[in-house]
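User: Could we go through this model together? I would like to begin with single residues and then turn to the larger elements.

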Amino acid sequence: MGIGYRDLAVLLREAIQRGDYAEGSTLPKQDEIAAEHGVNINTVRQAVRLLEAEGLVTPVRRRGTVVRPRMAMKRLGIDRYARSKWKSGLVAFAADREATGRAWVPGDQTNEVRLTKADAETADALGLATGAPVYERARLVKEADVPTHTLTSYYRPEDVEGTSLIDPTPGPAGRGGGFAILADRGQAPDTITETVHARMPTPEETHLLRLPAGEPVMVLHRTTFTESGRPVEFARGVHAASRFTWTYTFKIPD
């Protein structure tokens with residue numbers, strides 16, 4: 001008598017945890033797993049779906065069932081925005097990768113740019129009237145071709161027109177990214193307010209981030225100000241919850 005799908009899931013889970021299947025590798029084809037364990041293909045599918053719901057594996061088109069990273073990336077808090085980083089050419093997502101000991105290439109980030117009308121939330125953050133023109137720069141960031149998060153920033157046109165912040169070429173907007181560009185335009189970032197909350201993803205986010213069933217997302221809202229208090233960027237980010245740890249180090253105020 002063959003084993004059930006839960007028993008098969010235990011065997012596959014233990015193999016992943018032992019390192020039999022490395023991060024980023026694919027599990028054997030489902031018919032091969034069925035033959036090895038003496039079960040039918042439906043049992044394998046149910047077992048794989050269970051592992052997918054646990055966040056251990058994810059289906060990738062044209063590759064198969066891919067083992068997800070077991071160590072989440074560090075998403076640095078205050079340090080990811082250090083002036084020393086963007087002045088030396090390091091953008092925030094790359095700072096996270098380097099802090100976790102992971103490689104990155106500029107093409108890990110794709111960009112879509114358009115001139116649009118500010119919704120109420122964006123207008124309030126940037127001190128504009130609802131419907132005022134703003135540039136929207138939407139990024140999808142991947143690691144080893146697996147999406148980790150999206151980040152969409154909004155800017156006043158006068159702050160970014162004529163700069164690479166409105167260039168849709170994949171990768172950061174030049175050395176140091178957007179903060180370096182704003183500084184060059186006389187609008188150097190000085191203070192940031194971030195708000196983070198968790199929720200379940202929309203169907204579109206599940207598809208875009210290739211989320212397993214049941215995985216929540218961490219939603220980030222960021223507003224960046226100059227030293228004078230002028231808002232120069234409002235950003236919304238959606239992060240796959242299993243892909244990051246969020247770390248903040250700071251001096252305790254009096």
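**Notes on the model**

User: Is Glu 143 buried or exposed?

Analyst: Glu 143 is buried, at a relative accessible area of 12%. Buried denotes under 20% relative accessible area, exposed over 50%, and partly exposed anything in between, with a 1.4 Å probe and protein chains only. Please note that this is a predicted model, in which local features need pLDDT of at least 70 and side-chain atom pairs count only at pLDDT 80 or more, whereas totals for chains, interfaces and linings use all residues. Residues are numbered from 1 along each chain as its sequence is written, and side-chain values use heavy atoms, with hydrogens and water left out.

User: Where is Glu 143 found, and what is it in contact with?

Analyst: Glu 143 belongs to strand β5 (residues 133-143). Strands (E, at least two residues) and helices (H or I, at least four) are DSSP runs, numbered from the N terminus. Setting aside neighbours within four places in sequence, Glu 143 is in contact (heavy atoms within 4.5 Å) with Met 73, Arg 97, Arg 102, Thr 148 and Arg 243.

User: Which side chain makes the polar contact with it?

Analyst: The side chain of Arg 243 does, at 2.7 Å from that of Glu 143. A polar contact is a pair of N or O atoms within 3.5 Å; within protein, one must be able to donate a hydrogen and the other to accept it, and residues adjacent in sequence count only if both atoms are side-chain atoms.

User: Confidence next. What is the mean pLDDT?

Analyst: The chain has a mean pLDDT (the predictor's confidence in each residue, from 0 to 100) of 90, and 98% of its residues reach 70 or more. Strand β1 (residues 57-60) is lowest, with a mean of 82, and helix α6 (residues 120-126) is highest, at 98.

User: What does β1 join?

Analyst: β1 runs antiparallel to strand β2 (residues 64-67), with four bridges between them; two strands pair if DSSP finds at least two bridges between them. Pro 59 has Thr 65 in β2 as its bridge partner. Three residues separate the two strands in this hairpin, and Arg 62 in the turn has a positive phi of about 70°.

User: And β8, which strands does it pair with?

Analyst: β8 (residues 217-226), with seven of its ten residues buried, pairs in the antiparallel sense with β7 (residues 189-199) over ten bridges. Nine bridges join β8 to β9 (residues 231-240), also antiparallel. Thr 223 in β8 is the bridge partner of Thr 193, and Thr 223 is itself buried at 11% relative accessibility. Val 219 stands opposite Val 238 in β9. In the hairpin of β8 and β9, Gly 229 takes a positive phi near 95°.

User: Which residues lead the largest nonpolar core?

Analyst: That core has 17 residues, of which Leu 8, Ile 16, Tyr 21, Leu 27, Val 44, Leu 51 and Val 57 touch the most other members. Helices α1 (5-18), α2 (30-37) and α3 (41-53) each supply at least two residues, with the largest share, five, coming from α1. A nonpolar core is a set of buried Ala, Val, Leu, Ile, Met, Phe, Trp, Tyr and Cys residues joined through side-chain atoms within 4.5 Å. A second, separate core of eight residues includes Val 160, Leu 165, Ile 181 and Leu 182.

User: Finally, what covers the buried residues of α8?

Analyst: Six of the eight residues of α8 (residues 177-184) are buried, and their cover includes α4 (83-87), β6 (146-155), α7 (157-160), β7, β8 and β9. Gly 186, with a positive phi near 80°, follows α8.
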